[in-house]
Amino acid sequence: MATAARTGHLERTAEEPRDRRLHEVRLSRVDQVNERIRQFRLELQSGPAKFLPGQWLDTYVPGIEKAGGFTITSTPSAAAGEVVGAATPPYLELAVQESPGNEVAAWLWRAPDEIVGALLLVRIGGSFVFPPLAAPSDSGSAAQQQQDLNNVRSVFFVAGGVGINPLVSMLSALAETSPLHGGGGGDALHVSVLYATKMPASGNLSDVLFMERLAKLFGEGRLKGLLRIYATDGTGARLPPEGTCELHGAQVKIRHGRISEEQVRTMVGERGPEASLVYICGPPMMTDQLAAALTSGVGGKPFMEPGRVLTEKWW
């Protein structure tokens, strides 16, 4: 989640759980994903850290008093220093869309040689996590107990634009529990990813934020289910044809246009609302409309219990 300074990230998230501790990190790497998005690696200077998949960072950069809010896109194992074969210290990763009106995002979009090596301060927070939190906590800590998934057979991850950020952390963490990694969670659950995005100027599907990472998770069998992209033309780029294409061994379903409430409701209905979870992250209107469609019903009985539909908005 990236929130512009003018909307007040700290004020908007004042009621959210967040750690008291600030972590010092070194900005060690900047990668240009496409013309609108950059990825950043933040190496933890004081050792490993703990967070839950889907959480964000209060991010303090040099010379700017207020923090920006950006979702962590890496896995908890990377921050804990548990990545097999990793030659780098424990780290956190962010993906930030260009936003000149957001002071912190604008700082991160300076020339890489001006910011690589800089020391930042970050604080972990947020309650939009996978698996869901078991109950609200009064501890003020972002590390809370999570529900088990014994009664869940299907999970839907629905993203609009950079709303994919918290979901890719969740999906990557879930994939680490697959048989390829000695577990069983990623294989036991049916996973559906519905990702609406503007095509980058290149027109290449591989240049869509986290498209290759997601395709590898499905192509390698670490996630089982559906990967579907809803492509829109926001840059004049040619849209890929509707249908199915193969990317890193995954069968990627491609559609044009927005994700409709009826489509999501139908797909959840086919998997069983009583045994499903739905995560939605995107622009406020999209998020609100999809959540309302899934939790509305007839005769006072909702299609899905509100606690099974989890949302976060990016602004």
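This is a predicted model: local features need pLDDT of at least 70, side-chain atom pairs count only at pLDDT 80 or more; totals for chains, interfaces and linings use all residues.

Reply: Buried here means under 20% relative accessible area. By that cut-off 12 of the 12 residues of α5 are buried, so the helix is largely enclosed by the rest of the structure. Among the buried residues are Ile164, Pro166, Leu167, Met170 and Ser172.

Ser172 leads on to the largest pocket. Together with Thr75, Tyr91, Arg213 and Arg222, Ser172 lies nearest the centre of that pocket, which is lined by 29 residues. The volume of the largest pocket is about 680 Å³. Its lining divides into 10 nonpolar, 9 polar and 10 charged residues. The elements β1, α2, β5 and α7 each supply at least two residues of this lining, and the largest share, 5 residues, comes from α7. Domain 1 (9-125) and domain 2 (142-179 + 188-312) both give residues to the lining, so the largest pocket lies between them.

The second largest pocket has a volume of about 440 Å³. It is lined by 23 residues, and Gly160, Gly161, Ala196, Thr197 and Pro283 are the closest to its centre. This lining holds 13 nonpolar, 7 polar and 3 charged residues. Its largest share, 4 residues, comes from β8. Both domain 1 and domain 2 give residues to this lining, so the second largest pocket also lies between them.

Definitions and conventions: Residues are numbered from 1 along each chain as its sequence is written. Side-chain values use heavy atoms; hydrogens and water are left out. Buried means under 20% relative accessible area, exposed over 50%, partly exposed in between (1.4 Å probe, protein chains only). On a 1 Å grid over the protein atoms alone, a cavity is a set of points where a 1.4 Å probe fits but cannot get out, and a pocket is an open set with protein on both sides within 12 Å along at least five of seven lines; lining residues have an atom within 4 Å of a point. Grid points are joined across faces, edges and corners, and a volume is the space filled by probe spheres set on the points. Ala, Val, Leu, Ile, Met, Phe, Trp, Tyr, Cys and Pro count as nonpolar, Asp, Glu, Lys and Arg as charged, and the others, Gly among them, as polar. Domain bounds come from an automatic or database domain assignment.
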